[in-house]
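Visitor: I would like to learn how to read helix packing and aromatic contacts in a model. Could you take me through some cases?

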Amino acid sequence: MKQNKMMAFIEANIMPIAGKIGSQRHLIAIRDGFIAIMPLIIIGSLAILVNNFPIPAFQNFMTGLFGEGWTAVGGAIWNGSFALLSLLAVAAVSFKLAESYHTDGLSAALIGIGAFAVLTPTTEDFGFSMTWLGAQGLFVGLIVALLSTEVFRLFSQNEKWKIKMPEGVPDGVTKSLNALLPAAVILSTAGLCNALIVHYSGQSIHELVFSTIQEPLQGLSNTVGSALIFTFLNHLLWFFGLHGTNILGPIMESVYLPLIQENQHLFSQGMSAFEVPYIVTKPFFDSYVFMGGSGTTLALLAGILIAVKSKHYKTIGKVSLAPGLFNINEPVLFGLPIVLNPIMFIPFILIPLILTITSYIALASGLVPKTVAILPWTTPPIVSGYLVTGGSVRGVFLQIFNLVLATLLYLPFIKAAERSALHQTENE
């Protein structure tokens with residue numbers, strides 16, 4: 001009964017807003033762009049999973065079979081997928097946005113890549129910095145894709161700026177020549193902006209955006225408030241398709257890594273996991289909040305497989321389950337999708353905040369030992385709950401409690417999203 005009331009509330013108050021946002025051209029382009037590159041995201045996820053599979057026997061077996069460099073294959077796959085995530089997103093989003101205007105998507109994508117490259121710092125050997133071609137450059141990449149395509153569209157839809165070619169000239173040649181002027185304007189503008197930003201700030205636009213996000217977060221410490229701020233910002237960034245974990249990673253490492261190291265040191269000196277001082281650490285988030293990845297999406301997958309009938313949702317749930325068990329959730333984030341999906345905004349943001357509070361209370365009250373071990377982030381739940389507490393089943397019980405709670409909270413929103421998808425299909 002309560003679930004029905006909640007679903008009615010969602011449909012009455014959230015669905016109308018969701019419909020307006022869901023029809024916004026630029027958001028659709030971003031969503032469809034990420035869907036287009038999802039195959040590479042899935043392959044990259046599997047490569048990461050194999051390379052970081054958290055079982056020593058497997059790692060030893062692969063090393064014995066292929067040698068110490070066996071992870072090079074997965075690393076190369078990562079270089080062709082996640083390491084180029086921003087570049088891929090620029091191309092895909094530019095193409096989709098141009099396509100929505102019924103203009104030349106290929107030219108828009110190529111110009112967008114060029115503009116992004118103009119703004120991206122180079123290394124000493126004149127190569128591009130891989131730091132900004134990957135997830136950390138995604139924010140700038142999306143802005144470049146949208147702006148460059150809008151400028152390209154203005155030129156391409158204005159007959160005065162088009163080059164008139166005689167009959168018989170191949171269509172590809174005509175499109176290429178018509179892209180010449182907008183390409184010159186867009187790349188020149190990007191170059192000028194880059195020069196001005198570097199001159200006045202001493203940083204590239206990537207570094208400026210990154211430092212702007214970092215600075216307000218300085219000084220976070222071992223408090224539930226800091227944990228909630230970090231959790232909220234991480235998931236807010238992810239909702240808009242930005243890799244929140246990578247963007248906030250340097251802050252998290254500088255703030256929380258020393259705390260777990262101190263816990264480890266005291267634990268090795270004989271202090272119990274209940275007595276060590278620090279509650280909020282990096283393993284705190286990985287083990288109790290980010291189960292299945294940001295958004296506690298392992299609970300979302302459980303809800304899909306339990307209660308949803310939609311073929312699309314079921315397929316995404318099955319495909320995403322194996323990576324999700326090892327905290328890799330890009331397939332469900334971009335495949336369901338959760339990114340830019342207004343219906344999923346509330347649970348995706350709210351549930352991790354609730355789990356942060358329940359976990360903090362459990363550790364602060366002494367019900368569960370504090371974290372005393374640093375584990376690979378791909379360590380699956382249950383296993384991580386046992387190891388991170390120094391071998392206590394209480395950590396496992398807390399994970400199970402959080403997963404059950406998160407699944408129950410996700411269910412009404414999953415059902416609402418399914419109904420929306422069915423209504424949309426019927427209308428189409």
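Predicted model: local features only at pLDDT ≥ 70, side-chain atom pairs only at ≥ 80, totals over all residues.

Visitor: Which hand does the crossing of H17 and H18 have?

Guide: The crossing of H17 and H18 is left-handed. On the H17 side, the contact uses Leu-298, Leu-301, Ile-304 and Leu-305. H18 contributes residues including Tyr-313, Lys-314, Gly-317 and Leu-321.

Visitor: How do the residues of the contact of H17 with H18 divide by class?

Guide: They divide into 7 nonpolar, 3 polar and 2 charged.

Visitor: Now helix H9 and helix H11. At what angle do their axes cross?

Guide: H9 (residues 138–156) and H11 (residues 180–201) cross at roughly 145 degrees, with axes that come within 9 Å. This crossing is right-handed. Ser-148, Val-151, Phe-152 and Phe-155 of H9 meet Leu-181, Pro-182, Val-185 and Ile-186 of H11. By class, that contact has 7 nonpolar residues, 1 polar and no charged ones.

Visitor: What describes a pair of aromatic rings?

Guide: The distance of the centres and the angle of the planes. The count here comes to 7 aromatic pairs. In one of them, the rings of Phe-239 and Phe-345 have centres 4.8 Å apart and planes at 75 degrees. Edge-to-face needs planes over 60 degrees apart, so this pair is edge-to-face.

Visitor: Why does the pair tie together parts that are apart in sequence?

Guide: Because Phe-239 lies in helix H13 (residues 224–239) and Phe-345 in helix H20, the pair ties together parts 106 residues apart in sequence.

Visitor: Is Phe-239 buried or exposed?

Guide: Phe-239 is buried, with a relative accessible area of 6%. Phe-345 counts as partly exposed, at 29% relative accessibility.

Visitor: Which geometry do Phe-284 and Phe-285 form?

Guide: Edge-to-face, with 5.5 Å centre to centre and 85 degrees between the planes. Phe-284 is buried at 0% relative accessible area. Phe-285 also counts as buried, at 0%.

Visitor: What does Thr-356 touch?

Guide: Its contacts include Phe-284, along with Ala-227, Leu-228, Thr-231 and Val-289, leaving out residues up to four places away in sequence. Thr-356 sits in helix H20 (residues 342–364). Its relative accessible area is 0%, so Thr-356 is buried.

Visitor: Where does the charged end of Arg-153 sit?

Guide: Over the ring of Tyr-101, 4.4 Å from the ring's centre.

Conventions:
Residues numbered from 1 in each chain as written. Heavy atoms only, no water. Helix = DSSP H or I, 4+ residues; strand = E, 2+ residues; numbered from the N terminus. Buried < 20%, exposed > 50% of the residue type's maximum accessible area, 1.4 Å probe, protein only. Contact = heavy atoms within 4.5 Å. Left-handed = near helix turned anticlockwise from the far one by under 90°. Nonpolar A, V, L, I, M, F, W, Y, C, P; charged D, E, K, R; others polar. Axes fitted to C-alpha atoms, helices over the stretch in contact; angles between N-to-C directions. Phe/Tyr/Trp six-rings, centres within 6.5 Å; stacked < 30°, edge-to-face > 60°. Lys NZ or Arg CZ within 6 Å of the ring centre and 35° of its normal.
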